[in-house]
Amino acid sequence: MRRAIEFLFTRLLRSRVGIALALAVVVLGIIGTARLVTGPFGSESGVTGAPVEPIATVHPSAGDDGVLGTGPPPEPSTSPGAAEPETVARQFAAAWLDHQNTTAERWHAALRPLATDELAENLAGVDPSAVPADRLTGDPVVIPQTARLVEVTLPVDSGRLRLELVAPEGRWLVDTVDWERG
């Protein structure tokens, strides 16, 4: 008996197998104790005393309390004398698509007045020959997000050009350029 206890503490419990066996015994002991206390699974139908109807925290006739409004989208806000977002988007798209037979400096110079400072900085390293489209094929679609943010989608010969325009001071500027293959 003494050798068995000595073997248990000096060799078996110091090995990985011994530790795994000890953990398995502890887990099985916890599960067995829980089953003794709660009874076997499946003997009852589940939760007792549950409400028949869902618990409502707002009266159903109180209206919509969601974050998104159901009203019409806000109209884009433009300062007097400033171009509308659709016009700025068309001008930017024309400059963006005018990438053949021009230098990178001229291409960037045409885009800079229509873009935010951050976008102009990001476009500084772009090679205009990498523009994946050559011409517009339809009219822009303007989707107002807020009074100072709109999304404009323009169909081009190879897909769709998606622009996000912002108007922090009432003057619309392109802030994001994205292209989707069509």
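**Close-up views of a predicted model**

The count of salt bridges comes to six, a salt bridge being a side-chain nitrogen of Lys or Arg within 4 Å of a carboxyl oxygen of Asp or Glu. The model is predicted: local features need pLDDT of at least 70, side-chain atom pairs count only at pLDDT 80 or more, and totals for chains, interfaces and linings use all residues. Residues are numbered from 1 along each chain as its sequence is written, and side-chain values use heavy atoms, with hydrogens and water left out.

**View A. The four-stranded sheet.** Four strands form an open, antiparallel sheet in the order β1-β2-β3-β4. β1 and β4 (173-181) are the edge strands, each pairing on one side only. From one strand to the next the twist averages 20°. Strands (E, at least two residues) and helices (H or I, at least four) are DSSP runs, numbered from the N terminus. Two strands pair if DSSP finds at least two bridges between them. β2 and β3 pair in the antiparallel sense over eight bridges, and Thr153 has Arg162 in β3 as its bridge partner. Helix α3 packs on the sheet and touches β1, β2, β3 and β4; its direction makes about 130° with that of β3. Contact here means heavy atoms within 4.5 Å; axes are lines fitted to C-alpha atoms, for helices over the stretch in contact, and angles run from 0 to 180 degrees between N-to-C directions.

**View B. The β1-β2 hairpin and Thr146.** Strands β1 and β2 form a hairpin with two residues between them. They pair in the antiparallel sense over five bridges, β2 covering residues 149-156. Ile143 stands opposite Glu151 in β2. Thr146 belongs to β1 (residues 141-146). A polar atom of the Thr146 side chain lies 3.2 Å from the backbone nitrogen of Arg148. Thr146 is partly exposed, with a relative accessible area of 37%; buried means under 20% relative accessible area, exposed over 50%, and partly exposed in between (1.4 Å probe, protein chains only). Pro76 is 70 residues from Thr146 in sequence, yet their C-alpha atoms are 6.9 Å apart.

**View C. The Arg90-Asp139 salt bridge.** Arg90 forms a salt bridge with Asp139, and their closest N and O atoms are 3.3 Å apart. Arg90 lies in helix α3 (residues 85-97) and Asp139 in the loop between α5 (117-123) and β1, so the pair ties together parts that are 49 residues apart in sequence. Arg90 is partly exposed at 32% relative accessible area, whereas Asp139 counts as exposed at 57%.

**View D. The salt-bridge network around Arg162.** A network of salt bridges links Glu151, Arg162, Glu164 and Asp178. Arg162 meets Glu151 in a salt bridge (3.7 Å, N to O). That pair links distant parts of the chain, with Arg162 in strand β3 (residues 159-166) and Glu151 in β2, eleven residues apart. Arg162 also meets Glu164 in a salt bridge (3.0 Å, N to O). Arg162 is buried, with a relative accessible area of 17%, while Glu164 is partly exposed at 25%.

**View E. Helix α2 and the residue after it.** Helix α2 (residues 16-38) has 23 residues and should span 33 Å at 1.5 Å a residue; its end C-alpha atoms are 33 Å apart, which agrees. The expected span is 1.5 Å times one less than the number of residues. Just after α2, Gly39 takes a positive phi of about 95°.

Note on methods. A polar contact is a pair of N or O atoms within 3.5 Å; within protein, one must be able to donate a hydrogen and the other to accept it, and residues adjacent in sequence count only if both atoms are side-chain atoms.
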